[in-house]
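This briefing covers a two-chain protein model, topic by topic. Please keep the sequence and the structure open while reading.

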Amino acid sequence: MAPINAVAVAIFIFFALLIFGVYAFFISSTRKPAVGEDYYKSVAKLRAPFFVILLLLLIAGLVLTLPKIPYPSKGKFPDAVVYVAGKQFNFALDTQPIESEERWKERAEAEPVQVPAGKWIEFRVTSLDVNHGFSLYDENGKLLGQTQAMPGYVNRLFIKFDKPGFYTAYCMELCGNSHHAMKGVIEVVEEGTFGAKILNQQ
Amino acid sequence: MAEIAIKAEAVEIEAKVKKLTLVWTGLTFILFPILGLLGFLMRLVQGNVFPMFPPEWFYSILTLHGVGMVGLWFVEGMIAVIYLLSKYVKPSAGVSWFSFTFTLIGVALIIISTIAGKFGAGWYFLYPLPYKSAEIWPNWATDLYLIGLGVLGIAWTVWVIDVLRAIAKKYTLNQALAWHYLAGKTEPELPPIILIVTVTCIGAITGFLAAVALLLLFLFDRVSGTPADPLLMKNLVFYFGHVLVNITMYLGVAILYETLPQYTQKPWKTNKLVAFAWNTVLFLVLFAYFHHLYMDFVQPKAFQIIGQFASYFISVPAAVVTIFSALAMIYKTKVNWTLGSSLIFLGTMGWAVGGVAAVIDSSIAVNFRFHNTLWVPAHFHTYFLMGVVLMILGFIYHFSQLHSNIPDNSKLAKFTVWLILIGGYGFLSMFYTGGALFVPRRYALYPPALSSGTTLAQISIVFVSILTIGFLLYLIQTIRRWARSF
Ligand code: HEM
Ligand SMILES: [Cu+2]
Ligand SMILES: [Cu+2]
């Protein structure tokens, strides 16, 4: 699992259990009510510290996650570019822009595009019909990242593949009755073999 | 003489509002089981229990379940609040009946569209899918769906405006928003429910305006063939959807502020803090929806960052003011725990847990891998199913018990609550696990490489069964009292 999401899940489990515990504690406190005393005020004293702690947690969350946003900055250049076009119900990938339906059909049925491992790959993602979601899953079902495939727009997704192998793009936006079956495949190869293969193809 | 006349009027209004509430809440007893069973059916299909189930049916059921549930709890929240508000102000019963009639028409159109027409673009009908279905559903199905939404939109806008009108008869806008409390005054005293409902209704109107723009752009495309901008359409639909879902939550909270004090014998008053909290909410709710577009990289980056800030900080007033106060209110206090008060109170727990999951997912860096995975239905089912739905169900019981005078069966109530909690949170834990494993949401079936989705759906069948028994027991106890209240 990608580390930041693993941390996110752990944080969630921690707080969910904490909340269950707090509720259990407060609800069971109503079993032996204290007569004549106003306990509201004694609890209310904790409000300010609670507020400060919550605020600090949120600020920490912002500071830790905002530097990790996936949007490419202007000055970022990839080592290779792959063009992606979604259309009901396939993703076509190519090293050249996919501008016509014929080209899309050809590419959707072709052998997977190859890219080198350990390099920044830029995916230029669009759609020829409705909204789709372009994602990249490794062979173990781990999601590396995603962006929307939207008609009329190109979303630039930067991904670095650590390991060679086949990666699958599943569709992440409801696009019709075969949404769950929509796919695209890309092959990641060792950097060394990559050059050799390109040469072989020429 | 005058006093007697006023009393007679109060009794008459009471009877009118009571009847209205009875009829409206009766709708829950029909729609909630149906929509809930559709949810059950979806988990069965996702668990591959019916391998031959046509996927297009799944997607139309998904659409009906989603739009139906959101709409149902919005209207039930509204009627609960109107009932509770009528202690202070007088929303028109006529408008509520109008809204009721139009809601039934809208619901009928949407049912025909999804069931007979197989419309399956999801509740959020992302442009341009509705008219580009790859010939799965006909264009008339989309027409009916959009007309149905339009009818609901008209009914609800009028309804919300009437509630604001009733409030405006007694309070000026800045009083209803408790600005005088911010300035340090406490006169005139403002019941918190008025403040919350004012915030809710203003938010609702902005959401409905976005929906109007959206529907007009759809119409324009349909009639003249001029395509709309898909990114603009996405902004509009998510603004509308996000606001509608959020304010429904606030309607639940309004119920909490008004009813919990009746069970703890402690007042819940507006003060500077409460006033500040709800005004902050009104401001932040306008920007939080940006988190639905995090994966649209062409959206201006500033919007994305604003979205994360707004989504993070909107949790503060909820946690520090409402949830904290609800807990403080019961601490070492004699609480009259009935099926009603238990569900209303426990609804705040779902709000808290779902809120944590929501804040986590509203971090852009996390959303990069959780967007449109099962994490999303996980978090919103937490603060819906285990949050506002429990609050509203609690209200319906509270109301029915009050008017029927049938005492609470506390043993059975306790058993019911446990079944709902175990079944509900168990069901949710399967969604969360699916999200943690990156299983995509809105999949009729899971591909072999993501087969953990299938297994999790199968396990969740056990929990949904428990949940179903819990809700069945709830319905038996409530309908009995409801029927006696007429
Ligand atoms: C009664 C128990 C319920 C069950 C078993 C259930 C089940 C489901 C399932 C299986 C999905 C599809 C998840 C996916 O793969 O994306 C779903 C989606 C959804 N549910 Fe529920 N649900 C229940 C209650 C509710 C409630 C109370 C609400 C209240 C608003 C709700 C609102 C929604 C919405 C809005 C969607 C999303 C539809 C979409 O993705 O377009 N559900 N539910
Ligand atoms: Cu797709
Ligand atoms: Cu899709």
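UniProt positions follow the numbering used here, and such annotations may be inferred rather than shown by experiment. With that in mind, an unreviewed UniProt entry places the feature "transmembrane region" at residues 6-27 and 48-66 of chain A. The model is predicted. Chain A holds five helices and nine strands, while chain B has 16 helices and zero strands.

**Chain A: fold and overall form**

- Read from the N terminus, the elements of chain A follow the order α-α-α-β-β-α-β-β-β-β-β-β-β-α.
- Chain A is more spread out than a compact globule, because its radius of gyration of 25 Å is well over the 17 Å that the globule rule gives for 202 residues.
- Taken along the principal axes, a box of roughly 90 × 40 × 30 Å holds the C-alpha atoms of chain A.
- Of the 202 residues in chain A, 48% are buried.
- Among contacts in chain A between residues at least 6 apart in sequence, 63% link residues at least 24 apart.

**Chain A: the annotated spans**

- Residues 6-27 of chain A are 100% helix and 0% strand, and the end C-alpha atoms of this span are 32 Å apart.
- Residues 48-66 of chain A are 95% helix and 0% strand, with 27 Å between the end C-alpha atoms.

**Chain B: fold and overall form**

- The C-alpha trace of chain B spans about 70 × 50 × 40 Å along its principal axes.
- Buried residues account for 65% of the 486 residues of chain B.
- In chain B, 82% of the contacts between residues at least 6 apart in sequence join residues at least 24 apart.
- An unreviewed UniProt entry assigns "domain: Cytochrome oxidase subunit I profile" to residues 18-486 of chain B.
- That span, residues 18-486 of chain B, is 75% helix and 0% strand, and its end C-alpha atoms lie 8 Å apart.

**Surface and charge**

- Chain A exposes about 10,200 Å², of which carbon and sulfur atoms supply 61%.
- Chain A has 20 positive and 19 negative charges, and their mean positions are 12 Å apart.
- Chain B has 29 positive and 17 negative charges, with mean positions 9 Å apart.

**The loop between helix 13 and helix 14 of chain B**

- His371(B) sits in the loop between helix 13 (364-370) and helix 14 (375-404) of chain B.
- His371(B) counts as buried because its relative accessibility is 8%, and the cut-off for buried is under 20%.
- Leaving aside neighbours within four places in sequence, the contacts of His371(B) are Gln146(A), Gln148(A) and Met172(A) in chain A, and His292(B) and Met295(B) in chain B.
- Asn372(B) belongs to the loop between helix 13 and helix 14 of chain B and is buried, at 5% relative accessible area.
- Phi of Asn372(B) is near 55°, a positive value in a residue other than glycine.

**The loop between helix 3 and helix 4 of chain B**

- Gly117(B) is in the loop between helix 3 (93-116) and helix 4 (139-170) of chain B.
- Gly117(B) has a relative accessible area of 3% and is therefore buried.
- Not counting residues up to four places away in sequence, Gly117(B) touches Ile112(B), Trp137(B), Pro138(B), Trp140(B) and Ala141(B).
- Gly117(B) and Arg480(B) are 363 residues apart along the chain, and 37 Å separates their C-alpha atoms.
- Pro128(B) also lies in the loop between helix 3 and helix 4 of chain B, and the peptide bond from Tyr127(B) to Pro128(B) is cis, with omega near 0°.

**Other backbone points to check**

- Most residues other than glycine have a negative phi, and most peptide bonds are trans.
- In chain A, a cis peptide bond with omega of about 0° joins Gln88(A) and Phe89(A).
- Phe89(A) is in the loop between strand 1 (80-87) and strand 2 (90-94) of chain A.
- Ala178(B) has a phi near 60°, a positive value in a residue other than glycine.
- The loop between helix 5 (173-176) and helix 6 (179-182) of chain B contains Ala178(B), which is buried at 0% relative accessible area.

Conventions. Residues numbered from 1 in each chain as written. Chains lettered and ligands numbered in written order. Predicted model: local features only at pLDDT ≥ 70, side-chain atom pairs only at ≥ 80, totals over all residues. Heavy atoms only, no water. Helix = DSSP H or I, 4+ residues; strand = E, 2+ residues; numbered from the N terminus. Rg over C-alpha atoms; globule rule 2.2 N^0.38 Å. Buried < 20%, exposed > 50% of the residue type's maximum accessible area, 1.4 Å probe, protein only. Contact = heavy atoms within 4.5 Å. Areas by Shrake-Rupley, 256 points an atom, 1.4 Å probe, with all protein chains shown as cover. Lys, Arg positive; Asp, Glu negative; His and termini not counted. Charge placed at Lys NZ, Arg CZ, Asp CG, Glu CD.
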